[in-house]
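Let's walk through this structure together, one place at a time. Keep the sequence at hand while you read.

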Amino acid sequence: MIIGIVIGSGIFFKSDNILVATGGNLFLGTLVFCIAAVSIIFGSLCIAQLASRTDRRGGIITYLEEFCSERLACSIGWFHLFIYYPSLISVVAYIIGVYFCILFGIPGTLEMQVLIGMISMGVLFALNFLSSKLGGYFQNAATMIKIIPLVAIAILGFVFAPSGALEQALFSGGNTGAWITAIGPIAFAFDGWIVSTSICHEIRNSRRNLPLALTIAPLVILSIYLAYFIGICLLIGPEQVMVLGDAHVNAAVQKLFGDFGAKAVLVFIVISVLGTVNGLIMGMIRLPGAMAERSMFPAPKQIIKEASHGTGIVSILFSMAICLIWMAIHYITQRYHLLINSDVSEISIAVNYLVFIPLYFAVFRMKRVGKISNPIVGYLLPLLATAGSFIVISGSMQNPLFLFYLVICMAVIAAGGLYWKFGMKKN
């Protein structure tokens with residue numbers, strides 16, 4: 001699930017943004033990939049320590065509640081439910097529209113891409129309503145399928161690269177003053193790993209298997225990302241990737257396989273992005289029930305009843321309504337060019353990394369009281385994970401609307417805190 005959520009749209013959708021930020025310099029792009037990866041690799045290792053100590057429903061909400069405070073758990077639950085999940089789902093669903101239009105030769109207007117994205121969301125919400133296991137089966141299949149084009153492009157990019165292409169790509173361009181802005185797109189490409197904790201109570205031997213997945217998956221993801229990023233740049237050149245934007249993948253596979261092969265790879269990519277949206281939906285639709293049974297927001301009693309079964313129709317409809325609102329917000333920002341080289345999900349992703357810091361400190365605190373014996377696990381991992389969070393935040397601060405979106409995120413977090421103080425006690 002972790003690999004299936006993280007690997008999907010981001011690497012296809014953001015490679016050009018990363019190169020724009022680094023001025024087409026492949027070396028800087030690769031370096032920033034590794035720097036940004038600190039946040040996911042060490043962050044997931046820290047969360048794995050908490051996951052090994054509880055298997056209660058709720059994922060990150062449970063970890064905040066048990067290892068930090070109930071009020072913070074309520075606040076972050078509101079942020080995840082009303083901003084983080086729906087903003088991410090809406091943007092990734094829109095990406096389905098982008099590649100669907102390319103695949104079938106449909107005029108790629110923003111309106112058409114958004115419409116296809118909304119239809120895709122509706123289908124995947126329905127799939128998870130019909131059966132949670134069915135959604136899981138699709139997730140597993142999509143994970144296997146999505147790796148095929150990434151690995152193929154990575155290998156063939158090295159095999160068919162012109163002589164001297166690697167040296168030229170590594171050190172060409174280089175707008176070094178703006179390279180830090182590449183962290184925002186990379187954070188998007190790496191995001192989603194925390195969603196796997198939302199199904200912890202449904203995983204066999206969760207205290208063993210979830211930490212194992214949180215440890216192995218990030219390293220696999222970084223390896224695949226770097227291989228693809230370098231391979232695509234060698235194949236068509238960093239300049240072409242920047243010029244073509246989201247269409248650069250289609251240009252690369254056409255060069256490799258011709259029109260028929262390009263269509264086949266685009267089918268893989270569409271399924272890949274569908275898998276990412278499905279994984280995010282699997283996480284989001286379980287959140288209303290996990291919060292409602294804790295009285296963390298004024299939910300209908302039906303959602304509380306559904307929580308015992310994982311999810312249900314009210315939770316799904318509620319979640320989908322929020323996603324549609326965010327799809328409208330995404331449309332407005334793209335239609336009127338309010339976010340250049342960015343989208344509405346990047347700020348919420350950055351704020352989400354702020355959320356992780358109290359959990360990293362909880363791991364540090366467990367070492368102080370003797371619950372963790374290994375000093376590397378108890379001291380070094382939280383320190384590196386926290387540094388990774390600040391790296392992601394520093395990159396996102398370059399976004400011109402960072403403060404505006406930050407205020408919105410903090411307002412929702414504050415609203416959750418106020419509800420905990422005044423509303424929960426009435427329930």
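Thr54 is in contact (heavy atoms within 4.5 Å) with Thr62, Tyr63, Glu66, Phe67 and Arg207, leaving aside its neighbours within four places in sequence. You can find Thr54 in the loop between α3 and α4 (60-67); helices here are DSSP runs of H or I with at least four residues, numbered from the N terminus. This is a predicted model, where local features need pLDDT of at least 70, side-chain atom pairs count only at pLDDT 80 or more, and totals for chains, interfaces and linings use all residues. Residues are numbered from 1 along each chain as its sequence is written, and side-chain values use heavy atoms, with hydrogens and water left out.

Is Thr54 buried or exposed? Its relative accessible area is 4%, so Thr54 is buried (buried means under 20% relative accessible area, exposed over 50%, partly exposed in between, with a 1.4 Å probe and protein chains only). The side chain of Thr54 also makes a polar contact with the side chain of Glu66, at 3.3 Å. A polar contact is a pair of N or O atoms within 3.5 Å; within protein, one must be able to donate a hydrogen and the other to accept it, and residues adjacent in sequence count only if both atoms are side-chain atoms. The backbone nitrogen of Arg56 is reached by the Thr54 side chain at 3.3 Å.

Now look at another loop, between α2 (10-21) and α3 (26-51), where Asn25 is found. Asn25 counts as buried because its relative accessibility is 8%. Its side chain reaches the backbone nitrogen of Leu28 at 2.9 Å.

Next, visit helix α7 (residues 132-159), which holds Ala142. With 1% relative accessibility, Ala142 counts as buried. Not counting residues up to four places away in sequence, Ala142 touches Ile271 and Gly275.

Helix α15 (residues 313-335) has 23 residues and spans 32 Å from its first C-alpha to its last, close to the expected 33 Å (1.5 Å times one less than the number of residues). Among the buried residues of α15 are Ile316, Met320, Trp326 and His330. After α15 comes His337, with a positive phi near 55°.

Finally, how do two helices meet? In α16 (residues 345-368) and α18 (residues 402-423), the axes are 10 Å apart and the packing angle is about 55°. Ile347, Ser348, Val351 and Leu354 in α16 meet Phe402, Tyr405, Leu406, Cys409, Met410 and Ile413 in α18.

How values were computed
Axes fitted to C-alpha atoms, helices over the stretch in contact; angles between N-to-C directions.
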